[in-house]
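My entries are below, in the order I made them.

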Amino acid sequence: MADIGADTIATVAEDVPKTVDLRAEYVDSGVAEVLEELDRELIGLRPVKQRIKETAALLLVERARRRMGLAHETPTLHMSFSGNPGTGKTTVALRMADLLHRLGYIRKGHLVSVTRDDLVGQYIGHTAPKTKEILKKAMGGVLFIDEAYYLHRQENERDYGQEAIEILLQVMENQREDLVVILAGYSDRMDKFFASNPGFRSRIAHHIDFPDYSPEELLQIAEIMLSKQNYHFDDEGRRIMADYIEQRRRQPHFANARSIRNALDRARLRQANRLFENSSGAIDADTLSRITVDDIKGSRVFAQPRVEEEQSS
C-alpha cells in the first residue's frame, strides 16, 4: 500500500470543519421541514413529537461529530412504537424514514410495512425465504412490523414465527447501518413480547408510547379530514359530532383517528342519500359540502351504544 504523504494528510485536515452551526444544519438537512410536516399532519401527540425531535437532535450531533473527525459510532436506531390503533404510528414511521434518509443514516428512505403473514410461512422451509425477501425489499430503508407480537406464538409448538424472529434479530444486529426496524402494536402486548424475546429488547434503542387522542383532538381531526375533502360541519353537525365522539370512545374496538375516518365516510354516505331523496331542483356547492346533524345522528352509536364500529351504519 502506498504511503500517505504529508500533503495529503494536510489536505484532509483542511477539509475537516473546525466549527459547526447545528441550527443551520437543522434547516439545511431538511429535518426542520420533516418535523413541521409531522406537526401539520398529526394533531396532538406532543410526547411523541418531542421524542422525534430529541432523536433528530441526537442524529444531527452525531453527524456533525463524524464530519469533524471526532470519535463516534452509528447509534442504534431500531424502535418500538406502542399504542392503540389510529394514533399515528404508521405516519410517524413514514416521517422517521424520511428524516433518517435526509441525515444520511439510511440509503433510500422508503418504508416497507408488514405484518406476521408477510414474514411467517405455513410449512417447513417457507418462512426463511419469505422473511429474507421482505428484508431485501426493506434494505436501505425502514421495515415497519405492525402487531409485532404476533410473530411469537409460544402456545403453538409447530409455529414458524421463531424462525422469522431469529433471522430478523441477526439482520438487526449485523446490518443495522443499512436497515432500521420499527416494531409496533398495543402497549401491553408489546411489553409481553419484549419480556419473552429479550433479543429484541436489547436491540431496540427507542421506545415511544403513542397516547390516545382527547375528545377535543378527535373533533379537530374530524374537521381536518372533512376539510381535505371540501366538506364541513354546520354548527349543529359539529355539536352532534362531539357527542358522537364522546359516546364512541366508550365503546369496544374504538380506533382513534381510524374510527373517526370511518364515521365520516358513513356520514357522507347518509348526506348523499339525504340530498338525493330530498332534492327537487338545483343545489349549490355549500349544500353539497355541508354535513348536518341528521348525517351524524343516523349512526347506530346513538341508538345502540354498545355496538361494534364495523356494525355501525
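**Conventions.** I am working on a predicted model, where local features need pLDDT of at least 70, side-chain atom pairs count only at pLDDT 80 or more, and totals for chains, interfaces and linings use all residues. Residues are numbered from 1 along each chain as its sequence is written, and side-chain values use heavy atoms, with hydrogens and water left out.

**Largest pocket.** I looked up pockets on a 1 Å grid over the protein atoms alone; a pocket is an open set of points where a 1.4 Å probe fits, with protein on both sides within 12 Å along at least five of seven lines, and lining residues have an atom within 4 Å of a point. Volume is the space filled by probe spheres set on the points. The largest pocket comes out at about 630 Å³. I find 26 residues in its lining, and Gly86, Gly88, Thr91, Ala257 and Arg261 lie nearest its centre. Helices (H or I, at least four residues) and strands (E, at least two) are DSSP runs, numbered from the N terminus. H3, H5, S3, H11 and H13 each supply at least two lining residues, and H11 gives the most, with 4. The lining divides into 11 nonpolar, 7 polar and 8 charged residues. For these classes, Ala, Val, Leu, Ile, Met, Phe, Trp, Tyr, Cys and Pro are nonpolar, Asp, Glu, Lys and Arg are charged, and the others, Gly among them, are polar.

**Second largest pocket.** I get a volume of about 160 Å³ here. Its lining includes Leu22, Arg23, Tyr26, Lys53 and Val61. H4 has the largest share of that lining, 5 residues. By class I note 7 nonpolar, no polar and 2 charged residues.

**Cores.** A nonpolar core is a set of buried Ala, Val, Leu, Ile, Met, Phe, Trp, Tyr and Cys residues joined through side-chain atoms within 4.5 Å. Buried means under 20% relative accessible area, exposed over 50%, and partly exposed in between (1.4 Å probe, protein chains only). The largest core has 54 residues, and Ile52, Phe81, Leu99, Leu100, Met241 and Ile296 have the most contacts inside it. A second, separate core of 29 residues includes Leu119, Ile134, Ala164 and Leu168.

**Helix H9.** I checked which residues of H9 (187-196) are buried, and found Met190, Phe193 and Phe194. They line one face of the helix, because they fall within an arc of 95 degrees seen down its axis, the arc being that of the directions from the axis to the C-beta atoms. Lys192 and Ala195, on the other side, are exposed. The cover over the buried residues includes S1, H8, S4, H10 and S5.

**His78.** I place His78 in the loop between H4 and S1. His78 is buried, at a relative accessible area of 2%. Contact means heavy atoms within 4.5 Å. Beyond its neighbours within four places in sequence, the contacts of His78 include Met172, Arg176, Arg203 and His206.

**Arg290.** Arg290 sits in strand S7 (290-291) and is partly exposed, at 23% relative accessibility. Its C-alpha is 6.3 Å from that of Asp234, 56 residues away along the chain. Not counting residues up to four places away in sequence, Arg290 touches His232, Asp234, Gln271, Arg274 and Asp295.
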